[in-house]
Amino acid sequence: MRIPPKYTQALAVTVLGAATVFTVVVLVFIIVFVLSKGLPGINWEFLFSAPKDMGRAGGIFPTLVGTVLLPLMAIAIALPLGVGTAVYLTEYTRETRLTQVLRFGTDCLAGIPSILFGLFGFIFFVVMLKMGWCLLSGGLTLAIMVLPTIIRTSEEAIRAVPNSYREVSFSLGATRWETVLKVVLPNALPGIVTGVMLGIGRSIGETAAVIFTAGSALRMPASAFDSVRTMSVHFYILAREGISNEKAYATAAVLIISVLLVNLAAYSTMHRFIARRSR
Amino acid sequence: MTAPLPIKIAAHDFRVFHGQEESLRGITLNIPANRILGVIGPSGSGKTTFLRALNRLNDLAPETRINGQVLLDGQDIYAPSFNVVTLRKRVGMLFALPVALPMSIFENVVYGPRLSGVRNRKRLDEIVETSLKAAFLWDEVRDRLTMSGLRLSGGQQQRLCLARVLAMEELEVILLDEPCSGLDPISTAKIEEALTILKAKYTIILVTNNTKQAARVADETAFFLMGDMVEYGATDKIFTVPDDKRTNDYVTGRFG
């Protein structure tokens with residue numbers, strides 16, 4: 001039996017609306033829950049002093065630094081590799097068996113649980129290359145972990161650049177590389193930024209892969225060869241080992257706020273960039 | 001015709017294949033310098049394929065092969081030693097749909113010169129002014145050169161595209177692929193007026209679906225049909241007393 005159009009319309013609005021409301025409510029609930037438990041514990045001293053007694057007292061400054069440095073290092077490594085791969089796959093090769101295999105490979109890589117990346121990083125960087133638990137081992141491991149995301153989002157963004165732009169550029173005597181640099185990448189930038197944001201989000205939230213490779217030292221890192229603890233790892237250890245629930249929630253609240261700030265900053269930068277180009 | 005005109009572009013039994021299909025079936029045509037050649041014919045006749053072959057934009061399509069020769073000033077543009085980047089700077093192209101790049105009007109115009117290494121700001125300013133004037137767009141945009149090219153109207157964008165082609169200092173030949181198909185009559189008139197002035201300096205090849213346009217501006221006209229060039233001659237002759245019946249049928253609007 002066919003449902004009359006006016007009912008399908010009402011049904012669609014109800015079902016889709018309910019899905020949206022459910023998603024938003026769950027999201028808001030989590031944020032409000034964490035903030036309400038964590039915000040009271042946040043003050044300048046908490047943010048900018050070293051932890052005492054395994055994190056039972058004191059602040060989280062070293063983990064704050066670790067949370068900034070580790071994703072930065074991961075993105076610094078993954079961004080050129082990822083965008084380079086995406087440009088190569090889209091602009092420099094025709095669709096062949098090889099590119100299909102490469103794409104399939106990246107897709108599979110994107111779905112692998114992070115603990116496996118952690119294990120690989122531990123065996124390869126920490127043990128085989130004798131780098132030990134350190135910022136660099138962690139950064140490299142996270143870079144490998146976020147690489148598929150950056151490749152795929154960049155690839156989609158590059159594909160979305162109208163072919164007519166490339167044609168115009170070629171017809172004006174540009175080489176392929178000049179076309180990539182002057183036309184393709186600037187127009188794909190918003191999409192690439194989205195990929196980078198997803199990558200940063202994943203690395204900030206990562207615990208398993210980080211504990212295995214960057215370690216969990218609570219000291220302030222002095223170089224790339226020092227072990228660091230990120231806020232996510234700190235939160236995990238505080239909660240898992242029952243050290244301090246209050247400090248755990250405060251850390252989680254800082255984590256959520258930082259992720260929001262990073263996103264806001266990225267989006268406003270991007271909008272300013274787009275506005276400047278279409279003024 | 002009195003004295004033989006110097007030949008700018010010569011095609012000798014030139015063929016283009018898209019996969020298995022032969023899109024151009026052996027075109028032999030001498031295009032004289034400083035003239036406007038109109039290329040007419042129904043869609044699918046190979047006009048655009050021919051035009052795109054002249055600055056090797058067909059290279060970008062993976063399944064395309066060519067056979068025969070195209071000579072620019074006597075040099076084979078498909079010879080391995082011929083630099084395709086130089087070719088495209090000498091042979092500019094205006095597309096059917098105006099494509100302003102998403103950058104300012106100024107940057108659109110200097111896209112070619114910048115690639116050729118022009119850095120001097122004063123020189124770039126001069127190039128922008130002369131090119132926009134030649135494309136009859138200067139008066140409309142002189143006060144907003146930093147505005148995005150995307151915010152211009154379709155007719156203005158097409159003139160911007162023309163200015164962008166004219167800005168190339170190495171330019172010798174202008175290819176136009178139905179440049180007025182989406183434009184209003186006033187913009188069309190401006191482009192046509194620009195072309196009749198520009199032929200003093202350049203060789204112009206105008207592919208058009210609008211036979212009246214060819215009759216208005218072209219000195220010579222070639223009629224293409226299903227990958228063959230049926231007839232080539234002075235525009236007056238093609239439109240009044242063509243040799244071939246098919247040409248006559250087409251220009252009088254009996255098919256097409």
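Me: Which residue in the turn between S9(B) and S10(B) has a positive phi?
Reply: Met226(B), with a phi of about 50°. S9(B) and S10(B) form a hairpin there, with 2 residues between them. Keep in mind that this is a predicted model.

Me: How many bridges join S9 to S10 in chain B?
Reply: 6 bridges. Strand S9 covers residues 220-225 and strand S10 covers residues 228-234, and they run antiparallel.

Me: What stands opposite Phe223(B)?
Reply: Glu231(B), in S10(B).

Me: Switching to the open sheet in chain B. What's the strand order?
Reply: S2-S1-S4-S5, 4 strands with antiparallel pairing.

Me: Which helix lies across S1, S2 and S4 of chain B?
Reply: Helix H1 of chain B, residues 47-54. H1 runs at about 65° to S2(B).

Me: Now the contact between chains. How many residues from each?
Reply: 17 from chain A and 22 from chain B. On the chain A side, helix H7 (163-171) and helix H8 (176-205) are the elements giving two or more residues. H7(A) has the largest share, 6 residues.

Me: How do the residues on that side of chain A divide?
Reply: 6 nonpolar, 6 polar and 5 charged.

Key. Residues numbered from 1 in each chain as written. Chains lettered and ligands numbered in written order. Predicted model: local features only at pLDDT ≥ 70, side-chain atom pairs only at ≥ 80, totals over all residues. Contact = placed C-beta atoms within 7 Å. Nonpolar A, V, L, I, M, F, W, Y, C, P; charged D, E, K, R; others polar. Pairing = 2+ DSSP bridges. Axes fitted to C-alpha atoms, helices over the stretch in contact; angles between N-to-C directions.
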